[in-house]
Amino acid sequence: MPSNPLLNQLPSYQSLLYRRKQSTRGSGRDQRASTSRPRIGSSSSGRWAGISAETRSPDPTPQRPARELPVNMKEKRLLARLHRAHSVSSLLLHCQPDKKLESIHSLPDLKGKFGTGILSYFSFLRFLVLLNFVMFVLIFGFITLPVVISSYGFGNCTSSYTDVSDCTTYPSSSRQGLVLFHQYIIDLLSGTGFLEETYLFYGYYRVSTVHFTKFMYNVPLAYLLVTIGYLLLSLLWIVKRSVEGFKQNLVQDQDRFQSFCNKIFAGWDFCITDENAARLKQSSLQYELKTDLEEERIKQKIAERTLAEKGRIYLLRLVLNLFVLGVLAGCFYAIYRATIYSQEQATLIKPKNFILDLLVEYLPSIVITLANFVTPLIFDMIIQFEDYTPAFEIRFTLMRCVFVRLASIGVLLFSLWSQITACVEPCPCGYNHKLYPCWESRVGQEMYKLMIFDFIIIAAVTILVEFPRKLIVMHCPCALTMWWGQQEFAIPKNVLEIVYGQTICWIGAFYCPLLPAISTIKYFIIFYIKKVSLMQNCRPSTRPFRASSSNFFFLAVLLIGLAMACVPVGVSIAQINSSKACGPFVNYTTSWEVVPNTIDQLPPSLRSFFHGVGSEAFAVPFFVVVCMVLFYFIALAGAHKRVVNQLRDQLIMEGRDKRFLIQKLYQAQKESWMSPQHRSGSGISQPLGSGQLSGVFLEQHTGANMTHA
């Protein structure tokens, strides 16, 4: 059969020929190797060949030691060496299943069994471990270490210069006399007692300057700059990691047709190696397609709504959102009352009962945890009646949960500050010194208790809820347990837990400088707790999360937590009077006052420079320039978007042109073969598969028109 030279030049045909050549070479190479092995084995003769054959051949009799064989010493050594190599290889073969069981807990295996969304969660958790460790290194290197050095005679301690003597008194919180053992446990869990007078809390840093041989180290300025530094470092690091995920997420959410194509043709996760995970991934893709179709149906339903239906649904949403606001107000009021009661009881030094004292100390943390547990259940019930699209339901519920978790910390701090700033006139110290002689340490203790209680809850849920649930499902096969099933590893819920803890760390690091070290240890342990729980107790979520969208979602929630953390820290630095009896800022009215005082001590040229930068003459033009730069980049992004749309349209037109040209080429070829001159030629027939090729071209052309219609 003669071949067509034009069709043979198509890229698909050339690729097919290349693959055939590669397969032919590979088969020939394998054949040559298989034929060469017997020749090499047969050509080897002599004593060594016999020995190797004997060692390779199975011997039904028990193997004798090498020293008992009737051969010379050289051959005995060779046999002993071969025996050792054989035993080592057999040992490695026996150890392979154990190694496989050991490596099942690695991150690639987690990705292979549960998908890329789970891998993104654990990568995010590992990132937080590294971030907290860097924060701890900054705080320890620039704050804790100089204060520790000053305690050995290298620096001078701060002394309050205020005229009011009552504001400088700071009574010791250490327990005197006979102390029961459970009181030490309460101190360890709540940060009071002996733990309050350590480098863990703000009040123990009472050094103003550390004199070295060539320079003087300003501890208050370093304390403030390090606080600003780790917040800025966290912001830059999070933004850098979120840029790539934002790009991919923007591309995926740009076009609904593109989303359908990605799910159908590129939605499979080829990292999955487990059969159950593959079956779950199939159902997840099916769920995604159903969700997208449901969204299209709801959008069409929304477009067809009448004015009366719109008024009814908007009125229903208004009523439900008012109910949500009522639930939030009730939760926040409960947190406020619990905080006030806990602070009032803390001032009464009357030890009653170990359990009761511990509950009073942790009462705000318990109420916050209950609010974080109950409100998501209420939100899941309410969102079903608001008639949103499925994707918007998930996002809206998550944003409500984020708001509850972060706002609960804000309500706790507001309750504390309302007690700290409430003092009877006249107020010589600027704050309630009678109840809070060192209010920064008290706030640090509350953050410390939130951190410890959050870790206890995560560990307790894993051990006391998820593991027994798995045992019940496995060993009690009934209809109820089968419907209940194993615990689902919900990625958004777990992300909210660790973002909540990281927000506590950002807020509490100013009042409890070594809190990032505790957070590093906490997340390190949680990393392995979650890994073991995922492999042993949980099943993947039915709502899948891609790696790109997961990374962007995680970091977006973390940015919200960072913004929430900056507000109370900034207010306490700039607005609330610092304690006069403890901490490095006893000589200043507020913590921010150390900055202008330090600038006033600089040389005149630097002083005038900083004053000029902080003046309105510099701030207004700088703001205008920043706005112009932002406007330029926004316009540039819009131009790039238009160019991308033009290129996309051009690619579509080029694809249509190629199909049109190929169809015309086939028609011309068919007419040439159907001409009388070619029919009269002997031994010339129609090209192979021309009818099939026509059907393929026509089918592609029709499908393309249907797709782009």
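Author: First, a term: helices (H or I, at least four residues) and strands (E, at least two) are DSSP runs, numbered from the N terminus. The model is predicted: local features need pLDDT of at least 70, side-chain atom pairs count only at pLDDT 80 or more, and totals for chains, interfaces and linings use all residues. Residues are numbered from 1 along each chain as its sequence is written, while side-chain values use heavy atoms, without hydrogens and water.

Reader: Where is leucine 231, and is it buried or exposed?

Author: Leucine 231 belongs to helix α8, residues 219-252. Buried means under 20% relative accessible area, exposed over 50%, partly exposed in between (1.4 Å probe, protein chains only). Leucine 231 has 13% relative accessibility, so it counts as buried.

Reader: Which residues does leucine 231 contact, leaving aside its neighbours within four places in sequence?

Author: Contact means heavy atoms within 4.5 Å. Isoleucine 507 lies 276 residues from leucine 231 in sequence, with 9.8 Å between their C-alpha atoms. Leaving aside neighbours within four places, the contacts of leucine 231 are Trp506, Leu562 and Cys566.

Reader: How many residues are in the largest nonpolar core?

Author: A nonpolar core is a set of buried Ala, Val, Leu, Ile, Met, Phe, Trp, Tyr and Cys residues joined through side-chain atoms within 4.5 Å. In the largest one, Phe124, Tyr230, Trp439, Trp506 and Leu558 have the most contacts inside it. Phenylalanine 124, for instance, touches Val495, Ile498, Val499, Phe554, Leu555 and Leu558, not counting residues up to four places away in sequence. The residue count of this largest core is 109.

Reader: How are α17 and α18 oriented to each other?

Author: Axes are lines fitted to C-alpha atoms, for helices over the stretch in contact, and angles run from 0 to 180 degrees between N-to-C directions. Helix α17 (residues 491-508) packs on helix α18 (residues 515-536) at about 170°, with the axes 9 Å apart. Angles under 35 degrees count as roughly parallel, over 145 as roughly antiparallel, 65 to 115 as roughly perpendicular and the rest as oblique. The two helices α17 and α18 are therefore roughly antiparallel.

Reader: And how are α15 and α18 oriented to each other?

Author: The axes of α15 and α18 come within 11 Å. They cross at roughly 10°. Helices α15 and α18 are therefore roughly parallel.

Reader: How do α13 and α15 lie to each other?

Author: Helix α13 spans residues 363-383 and helix α15 residues 439-475. They pack at about 50°, with their axes 9 Å apart. So α13 and α15 are oblique.

Reader: Which residues of α15 make that contact with α13?

Author: On the α13 side are Pro364, Ser365, Ile366, Ile368 and Thr369. They meet five residues of α15: Glu446, Lys449, Leu450, Phe453 and Ile457.

Reader: Is glycine 191 buried or exposed?

Author: Glycine 191 sits in the loop between α7 (181-190) and β2 (207-211). Leaving out residues up to four places away, glycine 191 touches Ile186, Glu196, Phe201, Gln445 and Tyr448. With 0% relative accessibility, glycine 191 counts as buried.

Reader: How far apart in space are glycine 191 and glutamine 445?

Author: In sequence, glycine 191 and glutamine 445 are 254 residues apart. In space, C-alpha to C-alpha, the distance is 5.5 Å.

Reader: What share of the chain is buried?

Author: The secondary structure comes to 24 helices and five strands. The chain has 709 residues, and the buried share of them is 36%.
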